[in-house]
Amino acid sequence: MCGLEIRVQDGKVAGIRGNRDDVWSHGHICPKGASLAGLHDDPDRIRQPLIKVDGQFQEVSWDAALRRCTELLTPVITKYGIGAVTTYTGNPLAHSFSLARYTGVLLGMSGMPVTYSPGTVDQWPKNLSSHLMYGGWWNFPVPDIERTDLLVIMGANPAASQGSLLAAPDVMGLIDAIVKRGKVIVVDPVRTVTAAHASEWLPIVPGTDAALLLAVAHTLFAEGLVQAGPHVEGLDAMRTVAAEWPPSRVSAVTGIDEQRIKELARELAGTEKSVVYGRIGLCNQEFGSLASWLVDVVNILTGHFDVPGGAMFPRPAAWSITTQPLPGLEGGVPEFGRWQTRVRGAKEVLGQVPVSCLVEEIATPGEGQLKALITVAGNPVLSSPGGDKLDEALPMLEAMISVDNWVNETTRHADVILPGLSPLEQPHHDDLVLQFAIRSFANYSAPVFDPGDRPHEWEILIRLTGLCTGTPAEEVDVAAIDDGFFDYLAFTRGLDGATIRRHYEHGGPERMLDLTLRTGPFGDRYGENPGGLTLELLKANPNGIDFGPMVPQLPDILGTPDKKIRLAPQYLLDDLPRLAARLDRPADPLVLVNRRHLRSNNSWLHNVPALMKGRDRCTLLMHPQDAARCRISDEDIVTVKSESGEIKVPVEITDAIRPGVVSMPHGWGHDRPGTRLSVASSSPGVNTNVLSPPTFVDEPSGNGVLNGIPVTVS
């Protein structure tokens with residue numbers, strides 16, 4: 001999202017720095033932006049399609065690759081039906097100009113009944129709670145960190161993530177400014193870099209955040225501190241629920257002193273501008289849905305919701321195709337389990353099931369067994385719970401096609417790899433992440449390099465969609481499907497697609513971007529609002545256009561039928577007995593949590609040399625007390641075991657972690673034969689997901705549990 005100045009010399013990137021004139025980032029740059037040249041120039045990046053012949057990849061022409069896709073997929077669909085085909089879409093979709101806008105074609109028009117994504121590892125509890133509370137599954141309130149004076153951060157490490165489901169320029173600069181004028185409290189089992197910047201670190205027991213938040217809510221009600229505003233339904237129900245969760249009940253299990261819990265509630269209520277922010281550490285834990293919901297409950301109860309300095313709804317300049325309402329689930333209805341998976345019987349939630357179900361649906365014979373897989377910019381062998389088992393199952397498929405720029409731990413199993421363009425060979429305007437931004441802005445970047453006549457990802461996805469519906473990939477009418485998709489999106493905005501298509505000479509993602517800008521909150525709506533935002537206007541402002549900070553939007557933004565917030569959804573209340581049972585469960589001697597590092601945000605950055613320099617980051621953090629009990633010394637190679645598997649990893653003894661907790665980074669394990677990741681494989685690390693039990697999930701959402709896994713270390 002940050003504005004960049006890219007200097008090109010002799011057809012090569014000679015330097016990248018932050019653009020100080022950019023209206024959003026004002027010169028700030030993070031490792032992802034700085035590494036674009038490394039991604040573009042990577043000699044391991046695939047430039048030509050690959051097909052597998054006798055177990056080895058060979059470069060072929062695009063025509064040959066598309067014909068091979070047809071030869072592979074058509075017999076599977078003919079014999080088993082489209083239900084035997086599925087797709088896994090990965091994290092880079094949020095960052096790609098083409099993929100962000102056209103994955104919906106493949107997912108929505110191919111006919112595949114079940115698809116998989118990292119959403120059920122990352123943030124599905126937040127989608128669920130937002131759907132139930134606000135009637136919109138992507139209506140995420142974000143902390144207004146530009147204007148708040150008290151920020152409570154739970155299960156998040158913005159120093160590494162740059163903000164997750166929270167987009168802010170130079171997020172740590174903003175957090176440091178809060179410390180100077182007010183207070184920042186970090187609630188986390190690990191004293192992260194963010195916690196080191198904070199005013200206070202509260203080392204909580206993993207998986208007990210929901211209990212802590214319920215005790216905060218109890219104190220707010222008990223001491224008459226509730227200031228919930230209008231547009232809230234369910235306040236009495238919430239009062240009744242909170243009455244059963246006094247701080248004295250949860251103090252021992254959370255590890256947070258009873259008096260400190262009460263003080264925390266008083267601070268949040270008594271500070272004019274305060275907000276609680278919870279992120280991935282809350283989502284991928286045993287009670288992820290309850291914790292995600294209760295973050296918003298506390299913000300609402302303290303009167304810090306939809307007001308400057310509190311939790312507010314962003315107002316993106318362009319709407320995202322990803323965030324469109326789900327058919328049949330409008331208005332926040334809790335109608336989940338509309339279908340279940342064949343093997344495990346996992347229930348559907350917001351159209352998804354746990355990504356860990358993918359392996360068993362491939363490996364288990366019988367009616368409905370998956371026979372073909374299309375991966376799009378994803379590496380689930382590394383990023384999914386039990387990914388090592390998926391690694392073993394992928395060769396069972398009759399067809400596997402990957403849209404990807406690398407031969408990684410997952411795509412090495414593919415029969416065909418169709419490469420997309422590098423980030424510098426295509427335009428950019430952020431899509432999904434704008435939905436979480438603390439300011440409304442727009443910024444278009446033109447391609448730096450001409451990719452020639454190579455297909456773009458949006459064209460590849462359309463061809464695969466046509467193939468799934470019966471047309472050979474090489475014969476698909478790309479323009480016709482593109483027009484149909486555009487017309488549908490125009491229809492959702494009350495416009496006739498065929499009429500407004502007359503404004504354009506060409507299709508593709510730029511046409512779609514223009515549509516989402518012009519029909520967004522600042523757009524010209526094709527002449528209805530003269531002077532409003534268009535792509536043409538944005539291109540004329542290369543440093544971007546800033547439309548200001550977040551503004552109150554209640555009740556208009558709500559998708560509930562009566563335009564009220566559902567403060568106490570019954571679907572979530574029904575999960576409270578499970579949390580209550582957790583209070584009486586004996587504590588595990590050691591539990592594992594994940595962590596992130598600034599230079600390894602995602603596994604797909606591990607092949608950039610500049611980001612892989614320095615000391616080994618794939619280590620197990622362990623408290624001195626636990627190390628002494630287990631007779632372990634610093635830098636020992638230890639064996640970490642869970643019920644799911646075991647790994648060997650160097651240990652790093654530190655007091656920057658709560659006793660009883662150990663921590664591993666996510667996304668490593670680049671030691672599989674057949675990959676083409678020369679930099680990553682030189683420092684492979686180990687895959688912590690080997691330790692993640694595939695069936696250990698947050699029950700309401702189906703999100704995988706990656707934090708709070710019982711382990712032994714020896």
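Is R631 buried or exposed? With a relative accessibility of 80%, R631 counts as exposed. Keep in mind as you explore that this is a predicted model. The protein has 714 residues, and 62% of them count as buried. Its secondary structure comprises 27 helices and 27 strands.

**The overall shape**

- A compact globule of 714 residues would have a radius of gyration near 27 Å, and the protein, at 25 Å, agrees with that.
- Taken along the principal axes, the box filled by the C-alpha atoms is roughly 70 × 65 × 55 Å.
- The protein exposes about 26100 Å², and carbon and sulfur atoms supply 51% of that area.
- Take the contacts between residues at least 6 apart in sequence: 73% of them join residues at least 24 apart.

**A loop with two positive phi angles**

- R631 sits in the loop between α26 (624-629) and β21 (637-641), and E635 lies in the loop between α26 and β21 too.
- Phi of R631 is near 55 degrees, which is a positive value in a residue other than glycine.
- For E635, also a residue other than glycine, phi is positive as well, near 75 degrees.
- E635 has a relative accessible area of 64%, so it is exposed, because exposed means over 50%.

**An enclosed helix**

**D430, a buried charge**

- You can find D430 in the loop between β15 (416-418) and β16 (439-442).
- D430 is buried but has no salt bridge; R101, the nearest side chain of opposite charge, is 7.3 Å away.
- The D430 side chain does reach the backbone nitrogen of V433, at 3.2 Å.
- Beyond its neighbours within four places in sequence, D430 is in contact with M1, A94 and R101.

- S692 belongs to the loop between α27 (678-682) and β24.
- S692 counts as buried because its relative accessibility is 1%, and buried means under 20%.
- Although S692 and G387 are 305 residues apart in sequence, their C-alpha atoms are 8.8 Å apart in space.
- Setting aside neighbours within four places in sequence, the contacts of S692 are P385, G386, S644, V705, L706 and I709.
- L538 is part of helix α23, residues 535-539, and it counts as buried at 0% relative accessibility.
- L538 touches H429, A442, N443, Y444, L517 and I545, leaving out residues up to four places away in sequence.

**A cis peptide bond**

- L554 and P555 are joined by a cis peptide bond, with omega about 0 degrees.
- P555 is placed in the loop between β17 (545-549) and β18 (565-566).

Terms used: Residues are numbered from 1 along each chain as its sequence is written. Side-chain values use heavy atoms; hydrogens and water are left out. Helices (H or I, at least four residues) and strands (E, at least two) are DSSP runs, numbered from the N terminus. Buried means under 20% relative accessible area, exposed over 50%, partly exposed in between (1.4 Å probe, protein chains only). Lys and Arg count as positive and Asp and Glu as negative; His and the chain ends are not counted. A salt bridge is a side-chain nitrogen of Lys or Arg within 4 Å of a carboxyl oxygen of Asp or Glu. A polar contact is a pair of N or O atoms within 3.5 Å; within protein, one must be able to donate a hydrogen and the other to accept it, and residues adjacent in sequence count only if both atoms are side-chain atoms. Contact means heavy atoms within 4.5 Å. The radius of gyration is taken over C-alpha atoms; the globule rule is 2.2 Å times the number of residues to the power 0.38. Accessible areas come from the Shrake-Rupley method with a 1.4 Å probe; for residues, only the protein chains shown count as cover.
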